[in-house]
Amino acid sequence: MIAAKRDFLKAVTPVLLLLLLIAGCDSSECEQSGLPMVQFNFYDMDKNDLTPTSDAPLTVTAGGTDSVLINLSTSNYFRVPLNYTNDSTVFYLYFQSSADPGTDAPADTIILYYENKPFFISMECGTAVFQDLESVKYTTNQFDSIAIIDRNVTKDETSHIHIFVNQ
C-alpha cells in the first residue's frame, strides 16, 4: 500500500508542479509592457476652439529610415513610437497636396527631444522604457505651430502633441 502511494505521488507531482508554474505566470502584466506611443493631434489654426481637423492624406516616416510608419487617408491624430536608444526622434510628415492630388506638398519635419526612463514591470516581463518630452523643433511648411501638451509618454492613449495646421 505504501509503494502504491509513493508511485501515485511520483506520477502526480510533476503534473501539480506544472499546474502551479502555469498558474503563477500573469501575462496581463506583460501585456501592459507594450511599446509606449506619442500621440499627435491636428488642430485648425483659423478656429478659436481646439477642434481637431484633417483634410489631406498623410504619410509619416522616421529619420534615418525609409520605412513608412503611418499612411492615413484622413485622421485627426496619429500615434508613433519614439526611439528608446536615443534621446531624440525625427519624423517627416508628407501631406498630399489639395491643389494637385497625387503629389505631395513640401514635407514638414518634427524633432522630439526627450529623456528615456526605464520602468521595471516584473521579473517575467522585464522593463519598459517611457519618455519625458523635453522640447520640440519643427518646420512650418504646413504647420503654424506645435505645442507639447502632455510630457509623459507611457502606455496611456492620450494626446501629447498638438499640431496647429494652416488651412
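The model is predicted, so local features need pLDDT of at least 70 and side-chain atom pairs count only at pLDDT 80 or more, while totals for chains, interfaces and linings use all residues. Residues are numbered from 1 along each chain as its sequence is written, and side-chain values use heavy atoms, with hydrogens and water left out.

**Aromatic pairs**

- A search of the whole structure finds seven aromatic pairs; rings of Phe, Tyr and Trp (its six-membered ring) pair if their centres lie within 6.5 Å, and planes under 30 degrees apart count as stacked, over 60 as edge-to-face and the rest as tilted.
- Tyr 43 and Phe 164 make a tilted pair, because their ring centres are 5.9 Å apart and their planes stand at 35 degrees.
- This pair links distant parts of the chain, with Tyr 43 in strand β1 (residues 37-44) and Phe 164 in strand β10 (residues 161-165), 121 residues apart. Strands (E, at least two residues) and helices (H or I, at least four) are DSSP runs, numbered from the N terminus.
- Tyr 43 is buried at 8% relative accessibility, and Phe 164 is buried with a relative accessible area of 16%. Buried means under 20% relative accessible area, exposed over 50% and partly exposed in between (1.4 Å probe, protein chains only).
- Phe 95 and Phe 143 form an edge-to-face pair, 6.1 Å centre to centre with 90 degrees between the planes.
- Phe 95 lies in strand β5 (residues 88-95) and Phe 143 in strand β8 (residues 143-148), so their pair ties together parts that are 48 residues apart in sequence. Both Phe 95 and Phe 143 are buried.
- Ring pairs also join these two into a cluster with Phe 40, Phe 42, Phe 78 and Phe 91.

**The nonpolar core**

- The largest nonpolar core has 24 residues, and those with the most contacts inside it are Phe 40, Phe 78, Leu 93, Leu 112 and Ile 163. Such a core is a set of buried Ala, Val, Leu, Ile, Met, Phe, Trp, Tyr and Cys residues joined through side-chain atoms within 4.5 Å.
- Among the elements giving two or more residues to this core are β1, β5, β8 and β10.
- Beyond its neighbours within four places in sequence, Ile 163 is in contact (heavy atoms within 4.5 Å) with residues including Phe 40, Tyr 43, Phe 78, Leu 93 and Phe 143.

**The sheet**

- Six strands form an open sheet in the order β3-β2-β5-β6-β7-β9, with antiparallel pairing; two strands pair if DSSP finds at least two bridges between them.
- The edge strands β3 (68-72) and β9 (152-153) each pair on one side only.
- Five bridges join β2 to β5, and Leu 58 stands opposite Phe 95 in β5.
- β5 and β6 pair over six bridges, with Thr 109 in β6 as the bridge partner of Tyr 92.
- β6 and β7 are joined by 12 bridges and form a hairpin with three residues between them.
- In β7, Tyr 138 is the bridge partner of Ile 110.
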